[in-house]
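Subject: Structure for you to look at

Hello,

Here is the structure I said I would pass on. Please open it beside this email, and read the notes below with it in view.

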Amino acid sequence: PEDLLAFLVEVEGRLGGKRVLLRYQMLDWFDRKNGVSAMARTTAYPCTSTALLVGQKRVPWKGVVTPEKIGQDPRLFAFILSRLRARGLRLTIQMRNLGS
């Protein structure tokens, strides 16, 4: 069935000694041309991108590595985002300063 996926994640914390709010947003639809659901696009594409990183020996850790850990490495995260963009998925990232 055709689907729609929407998510919003907000994280509040400290960056460089200042309080910030990070907001991640994504909205995706069923891909009619390729017959791929939004749920498959937003789960399988990051998974296959991570598998490529492992296969290329670009993941520096051994054993079980959580997606959150990979997302903390700017180079690995940029690689995954670039592959998502190449498939038409757009993740919006906003940062707002909340003061000290």
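Which residues lie nearest the centre of the largest pocket? They are Pro67, Glu68, Gly71, Phe77 and Ile80, out of 24 residues that line this pocket. Before going on, note that this is a predicted model, in which local features need pLDDT of at least 70 and side-chain atom pairs count only at pLDDT 80 or more, while totals for chains, interfaces and linings use all residues. Residues are numbered from 1 along each chain as its sequence is written, and side-chain values use heavy atoms, with hydrogens and water left out.

The overall layout

The protein has three helices and three strands. Helices (DSSP runs of H or I, at least four residues) and strands (runs of E, at least two) are numbered from the N terminus. Along the sequence the pattern reads β-β-α-α-α-β. The C-alpha trace spans about 50 × 30 × 20 Å along its principal axes. Of the 100 residues, 23% count as buried; buried means under 20% relative accessible area, exposed over 50%, and partly exposed in between, with a 1.4 Å probe and protein chains only. A contact means heavy atoms within 4.5 Å. Among contacts between residues at least 6 apart in sequence, 55% join residues at least 24 apart.

The sheet

The three strands form an open sheet in the order E1-E2-E3, with antiparallel pairing. E1 and E3 stand at the edges with a single partner strand each, so one side of each has no neighbour in the sheet. Neighbouring strands are turned by 15° against each other on average, direction ignored. Two strands count as paired if DSSP finds at least two bridges between them. Strands of a sheet pair through backbone hydrogen bonds, either parallel or antiparallel.

E1 and E2 pair over 12 bridges. Across this pairing, phenylalanine 7 stands opposite methionine 26 in E2, and glutamate 10 stands opposite arginine 23 in E2. The two strands form a hairpin with two residues between them, and glycine 16 in the turn has a positive phi of about 65°. Of the 12 residues of E1, the number buried is one, so E1 lies largely in the open.

E2 and E3 pair over eight bridges. Here glutamine 25 has threonine 92 in E3 as its bridge partner.

The helices on the sheet

H1 lies across E1 and E2, running at about 130° to E2. H3 lies across E2 and E3, running at about 135° to E3. For these angles, axes are lines fitted to C-alpha atoms, for helices over the stretch in contact, and angles run from 0 to 180 degrees between N-to-C directions.

The largest pocket

The largest pocket has a volume of about 820 Å³. A pocket is an open set of points on a 1 Å grid over the protein atoms alone, where a 1.4 Å probe fits, with protein on both sides within 12 Å along at least five of seven lines; lining residues have an atom within 4 Å of a point. Grid points are joined across faces, edges and corners, and the volume is the space filled by probe spheres set on the points.

E1 (4–15), E2 (18–29), H1 (38–55), H2 (67–71), H3 (74–86) and E3 (91–99) each supply at least two residues of the lining. H1 gives the most, with five residues. The lining divides into 17 nonpolar residues, six polar and one charged. Here Ala, Val, Leu, Ile, Met, Phe, Trp, Tyr, Cys and Pro count as nonpolar, Asp, Glu, Lys and Arg as charged, and the others, Gly among them, as polar.

Two residues to look at

Lysine 57 is in the loop between H1 and H2. Lysine 57 has a positive phi of about 60° although it is not a glycine. Most residues other than glycine have a negative phi. Lysine 57 is exposed, with a relative accessible area of 74%.

Serine 100 lies in the segment after E3 and counts as exposed at 72% relative accessibility. The C-alpha atoms of serine 100 and lysine 18 are separated by 4.7 Å, though these residues are 82 apart along the chain. Leaving aside neighbours within four places in sequence, serine 100 is in contact with Arg14 and Arg19.

Regards
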